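User: Hey, I'm new to this one. Can you walk me through what stands out?

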Amino acid sequence: MRPTQAPYPITRLRRTRQSPAIRGMVRQNTLTVDDFIWPVFVRSGEGIEEPIPSMPGVVRRSVDKVALAAREAADLGIPAICIFPYTGLEERTEDCAGAWDPDNHANRAIRAIKQAVPEIAIMTDVALDTYNINGHDGFVEDGEIVNDRTVDALVKMALSQAEAGADIIGPSDMMDGRIGAIRAALEGASHQNVMILSYAAKYASAFYGPFRDAVGASGALTGDKKTYQMDPANSDEAMRLIERDLAEGADMVMVKPGLPYLDICRRARDTFGAPTFAYQVSGEYAMIKAAAQNGWVDHDRVMMESLMAFKRAGCDGILTYFAPAAARLLNGA
Ligand code: PBG
């Protein structure tokens, strides 16, 4: 229980808001560069930086350019980078074999970054959607997204990433049982220090639209992801998923999308006390960018306020496309 507050005028809550110095003194949460994981898109080719129209300021980079971007991120103090592959329709197959190819763009990017920027942590994406002819995160059999066969493929994919040098495996697929299976495989292959950041509470969200453009999945996707991603109406189910993923060996958990789901972040943090992350997803980024480009909101202030909201909700960190821009502001540049 809260101690009782004296009534006005004994208590005047404006007293502690009277100057920047006092506001700073009583500030409860802080946002730092340490809080960021920066998602980047990697594609084939060399010397390429290709803009993504629905995500102003975000590009798809060839492997050489991703390594340069990682250098910049580390120099800004960003602790981790998360690699997402872009694949054209011609690179997608029904058997999704590209997903565990040791030489796919994502794995080549991991090796290039490890060599060029050993101090930055590398996170991956584990899901079949970027290699699947039909854009789903799992194999499709007679219209059903099948679970157990998909988990076997996800394990191979995660192992290929760990072999390439990934520090943090990021299963974003929402299949049942994948965390335990990946954890067992990592232990079995002497990758006991490789971490798992589970996309534990991932909702079937319309806010992923621009991301699907970015990874080339928009044209590919048939149907929706509602049989594996969560119903936005549910909250208790998110707690069950997080509890299960932690029990299966996840080191850290994620809530996704971010801002519309801050209640889930707060519940997760209060219930489990495990390292908790939120993903400020592509649609959230695009909305802020679009409004700012129209002059309707102040870009930098809205960006920083949105990121601080995650800290207030109890998150330890945020996956955000704003990471370099926010880091520059925090570093006083
Ligand atoms: C797919 C994946 C998605 C995102 C990350 N991994 C999209 C989806 O589930 O369709 C979305 C990220 C974003 O919108 O920024 N495994």
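This is a predicted model: local features need pLDDT of at least 70, side-chain atom pairs count only at pLDDT 80 or more; totals for chains, interfaces and linings use all residues.

User: Which residues sit on each side of β4?

Analyst: One side has Ala80, Cys82 and Phe84, and the other has Ile81, Ile83 and Pro85. They are all buried, so both faces of β4 are covered.

User: And what about its neighbours, do β1 and β4 run parallel or antiparallel?

Analyst: β1 and β4 run parallel, joined by six bridges. In that pairing, Val40 stands opposite Ile83 of β4.

User: How many bridges join β4 to β5?

Analyst: Three, and those two strands run parallel as well; β5 covers residues 121-123. Ala80 is the residue standing opposite Ala121 in β5. To get from β4 to β5 the chain passes through helix α3 (residues 105-116), in a β-α-β crossover that is right-handed.

User: Nice. Switching topic: how many salt bridges are there?

Analyst: The count comes to 21.

User: Okay, give me one. What does Arg60 pair with?

Analyst: Arg60 forms a salt bridge with Glu50, and their closest N and O atoms are 3.2 Å apart. The pair links distant parts of the chain, with Arg60 in strand β3 (residues 59-62) and Glu50 in strand β2 (residues 49-51), 10 residues apart.

User: Why does Arg60 count as buried?

Analyst: Because its relative accessibility is 10%, and buried means under 20%. Glu50, on the other hand, is partly exposed at 25%.

User: Where do Asp75 and Arg71 lie?

Analyst: Both are in helix α2 (residues 63-76), four residues apart, which is about one turn of the helix. Asp75 is exposed, with a relative accessible area of 56%, while Arg71 counts as partly exposed at 30%.

User: What about Asp176, which residue does its side chain meet in a salt bridge?

Analyst: Arg244, at 2.5 Å from N to O. That pair also links distant parts of the chain: Asp176 is in the loop between β8 (168-169) and α5 (178-188), Arg244 is in helix α7 (residues 236-247), and they are 68 residues apart. Asp176 is partly exposed at 47% relative accessibility, and Arg244 is partly exposed at 23%.

User: Got it. Now pockets: what volume does the largest pocket have?

Analyst: About 310 Å³. Its lining is made up of Leu13, Thr16, Arg17, Val26, Arg27, Gln28, Asn29, Met308 and Arg312. By class, that gives three nonpolar, three polar and three charged residues.

User: And how much space lies in the second largest pocket?

Analyst: About 250 Å³. It is lined by 18 residues, and the closest to its centre are Trp38, Gly57, Tyr285, Tyr321 and Pro324.

User: Which elements give two or more residues to that lining?

Analyst: β1 (36-43), β3, α2, α9 (282-293) and α11 (323-330). β1 is the strand joined to β4 by six bridges, and β3 is where Arg60 sits.

User: How does the lining of that second pocket divide by class?

Analyst: The lining of the second largest pocket has 12 nonpolar, two polar and four charged residues.

Terms used: Residues are numbered from 1 along each chain as its sequence is written. Side-chain values use heavy atoms; hydrogens and water are left out. A salt bridge is a side-chain nitrogen of Lys or Arg within 4 Å of a carboxyl oxygen of Asp or Glu. Buried means under 20% relative accessible area, exposed over 50%, partly exposed in between (1.4 Å probe, protein chains only). On a 1 Å grid over the protein atoms alone, a cavity is a set of points where a 1.4 Å probe fits but cannot get out, and a pocket is an open set with protein on both sides within 12 Å along at least five of seven lines; lining residues have an atom within 4 Å of a point. Grid points are joined across faces, edges and corners, and a volume is the space filled by probe spheres set on the points. Ala, Val, Leu, Ile, Met, Phe, Trp, Tyr, Cys and Pro count as nonpolar, Asp, Glu, Lys and Arg as charged, and the others, Gly among them, as polar. Two strands pair if DSSP finds at least two bridges between them. A crossover is right-handed if, with the strands pointing away from the viewer, the path from the first strand over the helix to the second runs clockwise.
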